[in-house]
Amino acid sequence: MERLSIEAIISKIENEVCFHAVTDDYSLTIKIDDYVHYACAAVHNGHQFRKELWDNCIHTEYDRWYEEDPETKNMVMSHPIVIAGCDSRFEYDLNRDPENAVFETAWGKALWHKPLSEEKKNKSLEKHANFFKVTHALITKLEEKFGVAIVYDMHSYNWKRWDREVPTWNLGTSNVDNNRFGDDIELWRQRLSEIKFPKQIKSTALVNDTFQGNGYFLKYITQNFKNTLVLATEIAKVYCDEYNYVIYPEVVAMVENQLKTKLPEHASNFYKKHAK
């Protein structure tokens, strides 16, 4: 892996260079092993939190971890193109627009002892903007090269906070073209429902049950690129103990191993159907 500037990363993408990189401010990682028509993203995978913000933050490290999406990058790490955030969504949320990306409150609780200065906000917003510069360059290249593209937007959610039965997998599709891509959405739902877990965990997959796909990452790509489908894919946190701060690595590995085949098979089907 290289440490590169945003400009250098974009230049490599524009010139179809394969590379692994972290940005020079350590805010995102991207790897491109091959230029294919699909990409994976884990925008909430990050846990880093700038030290200058620590003393001013009311939330504990556990509070932050609980609302992040740990291990989502690891679930898709074997695929050719993976982009992921390194920073906690408590510093800035890549799934919210720039005007709302730096929280004042988080999940009903004030976030800061004292309001952030504009200088500190702008440090975070610069990293937010850079992530979308790289995203824009990447999707531009994939549409230019293949005509169509598909992005698997990986997230997780805290299923134990719900007071009803919720699915192991949820697809949020309210902001994509369901008339055009409805069959692709249903096929992905089916493939997710087939993923096997340890026997105490059942596998179910529903559409727009717990979340509807209202994130900024999906909206940004959908609004700026007419031939790219973003599948907001949420896994319930069955791969960890969300109350006791414990990851189950064997469950993460099971998901990653099965996505090695199911995800590219789905992407191939998508390309065959939609490529001109």
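Reader: What should I know about the model before we start?
Author: The model is predicted: local features need pLDDT of at least 70, side-chain atom pairs count only at pLDDT 80 or more, and totals for chains, interfaces and linings use all residues. Residues are numbered from 1 along each chain as its sequence is written, and side-chain values use heavy atoms, with hydrogens and water left out.

Reader: OK, helices. How do α4 and α6 cross?
Author: Their axes come within 11 Å and cross at roughly 40°. Axes are lines fitted to C-alpha atoms, for helices over the stretch in contact, and angles run from 0 to 180 degrees between N-to-C directions. Helices (H or I, at least four residues) and strands (E, at least two) are DSSP runs, numbered from the N terminus.

Reader: What is that arrangement called?
Author: α4 and α6 are oblique to each other. Angles under 35 degrees count as roughly parallel, over 145 as roughly antiparallel, 65 to 115 as roughly perpendicular and the rest as oblique.

Reader: Which residues make the contact?
Author: From α4, H128, F131, F132, T135, H136 and I139. From α6, Y216, F217, Y220, I221 and N224. Contact means heavy atoms within 4.5 Å.

Reader: And by class, what are they?
Author: 7 nonpolar, 4 polar and no charged residues. Ala, Val, Leu, Ile, Met, Phe, Trp, Tyr, Cys and Pro count as nonpolar, Asp, Glu, Lys and Arg as charged, and the others, Gly among them, as polar.

Reader: Which residues of α6 are buried?
Author: Y216, F217, L218, Y220 and I221. Buried means under 20% relative accessible area, exposed over 50%, partly exposed in between (1.4 Å probe, protein chains only).

Reader: What covers them?
Author: The cover includes β4 (38–42), α4 (118–146), β8 (149–157), β9 (169–172) and β11 (228–236).

Reader: Back to N224. Where does N224 lie?
Author: In helix α6, which spans residues 216–224. N224 is partly exposed, because its relative accessibility is 39%. Its side chain reaches the backbone oxygen of Y220 at 2.7 Å.

Reader: New pair. How do α1 and α4 pack?
Author: Helix α1 (residues 6–14) packs on α4 at about 5°, with the axes 9 Å apart. So α1 and α4 are roughly parallel to each other. I6, I9, I10, I13 and E14 of α1 meet N130, K133, V134, A137, L138 and K141 of α4. That contact has 7 nonpolar, 1 polar and 3 charged residues.

Reader: What about α5 and α7?
Author: Helix α5 (residues 178–193) and helix α7 (residues 249–274) have axes that come within 11 Å and cross at roughly 165°. That is why α5 is roughly antiparallel to α7. Their contact includes W188 of α5 and F270 of α7. By class it has 7 nonpolar, 3 polar and 6 charged residues.

Reader: Loops now. Where is T173, and is T173 buried or exposed?
Author: T173 is in the loop between β9 and α5. It is buried, because its relative accessible area is 3%. Leaving out residues up to four places away in sequence, T173 touches N178, I185, V207, N208, Q212 and G213.

Reader: What is the phi of E71?
Author: Positive, about 75°, although E71 is not a glycine. Most residues other than glycine have a negative phi. E71 sits in the loop between α2 (61–67) and α3 (72–75).

Reader: And what is the phi of Y245?
Author: Also positive, about 65°, and Y245 is not a glycine. Y245 lies in the loop between β12 (240–241) and β13 (246–247).

Terms used
Polar contact = N/O pair within 3.5 Å; in protein donor to acceptor, adjacent residues only side chain to side chain.
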